[in-house]
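Please look over the sequence and the 3D structure below.

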Amino acid sequence: MPELSVVIITKNEERNIGRCLESLKGIADDIVVVDSFSTDKTAEICASFGVRFVQTEWKGYSETKNYGNSLAKFDWIFSIDADEEVSEELKVSIQQIRKSSDSANFRICRMTNYCGHWIRHSGWYPDVKLRFFDRRVSQWEGLIHERLNIQGESSFAVLKGDCRHYSYYTIQDHVAQANRFSTLAAEDLFARNKKIGILKTMIAPGFRFFRMYILRAGFLDGYYGWVIARISAHAVFLKYTKLHQLYAQRQV
């Protein structure tokens, strides 16, 4: 694989960015951080690591990541979030492919830390994400849960080792994100003229809980597995009820 650029997007990530950048040592030839005008110490921490730090207005997840890709020095990109870090095993895997002539796109497995506990079930692990790619044939798409669209025929492989994801330090963090993301999801459905019936609004939250807690063995994650399933189910309820509200407001 030729030279590698790492792209990270940030806003007020002083709690996470230092850990993320520390884990990238020995991996990248170029690191660019695209920041949406953080008001905390994110900029100072990035400066201490000597990375390229560019500020721009928030464009949404996909567009901001695409902008970061355009600023990278090299065509091969490793995309990582500020609240993630590369494990030692994953670092070794990355170093090995850097030494090879392999030009495949690579997926990584994420393991999420929830309130200080690693979640190994609930449908959250392994959370496989496509993160190594050639920007010349790739584009981030999607409003909330962005995904990478790769043009043409490409080969894919999964790297050994985990990317550790420090997503929620408190239950309140999860509740706040569920509220924020459900609003964005409802607005996206509304913009695309998607409608959800009352019956699905009533049934879907319960099914989400059943799938995460029972079918995907969330009960093996203990108390926090139950909490995750409950909040995730409530997020589905919020998304659909907010969508109904948007249609009701349009009729007024």
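## An alternating strand and its hairpin

Strand β10 covers residues 147–150, and its side chains alternate. L148 and I150 point to one face and are buried. Buried means under 20% relative accessible area, exposed means over 50%, and partly exposed lies in between (1.4 Å probe, protein chains only). Strands (E, at least two residues) and helices (H or I, at least four) are DSSP runs, numbered from the N terminus.

The partner of β10 is strand β9 (residues 138–141), and the two pair in the antiparallel sense over 4 bridges. Two strands pair if DSSP finds at least two bridges between them. E141 has R147 in β10 as its bridge partner. Between β9 and β10 lie 5 residues, and the two strands form a hairpin. In the turn, G142 has a positive phi of about 110°.

## Where the model comes from

This is a predicted model: local features need pLDDT of at least 70, side-chain atom pairs count only at pLDDT 80 or more, and totals for chains, interfaces and linings use all residues. Residues are numbered from 1 along each chain as its sequence is written, and side-chain values use heavy atoms, with hydrogens and water left out.

## A covered strand

Strand β2 (residues 30–35) is mostly covered, with 6 of its 6 residues buried. D30, V32 and V34 point one way. I31, V33 and D35 point the other way.

β2 has parallel partners. Strand β1 (residues 4–10) joins β2 through 6 bridges, and I8 has V33 as its bridge partner. Strand β3 (residues 52–55) joins β2 through 4 bridges, where V33 stands opposite F53. β1, α1 and β2 make a right-handed β-α-β unit, and so do β2, helix α2 (residues 42–49) and β3. Right-handed means that, with the strands pointing away from the viewer, the path from the first strand over the helix to the second runs clockwise.

Helix α4 (residues 88–99) has 12 residues and reaches 17 Å from its first C-alpha to its last. That is close to the expected 16 Å. The expected span is 1.5 Å times one less than the number of residues.

Which residues of α4 are buried? They are L90, K91, S93, I94 and I97. Seen down the axis of α4, the buried residues fall within an arc of 160°, so they line one face of the helix. The arc is that of the directions from the helix axis to the C-beta atoms. The face turned away carries the exposed residues E88, Q96 and K99. Cover for the buried residues comes from elements including α1 (17–23), β6 (105–114) and β11 (156–168).

The largest nonpolar core has 26 residues. Such a core is a set of buried Ala, Val, Leu, Ile, Met, Phe, Trp, Tyr and Cys residues joined through side-chain atoms within 4.5 Å. I8, L24, F78, I80 and F132 have the most contacts inside this core. Elements giving it two or more residues include β1, β2 and α4. A second, separate core of 14 residues includes A178, Y224, I228 and A235.

I119 is found in strand β7 (residues 117–119). I119 is buried, with a relative accessible area of 1%. Leaving aside neighbours within four places in sequence, its contacts (heavy atoms within 4.5 Å) include W124, Y224 and I228. The C-alpha atoms of I119 and L220 are separated by 9.1 Å, though the two are 101 residues apart along the chain.
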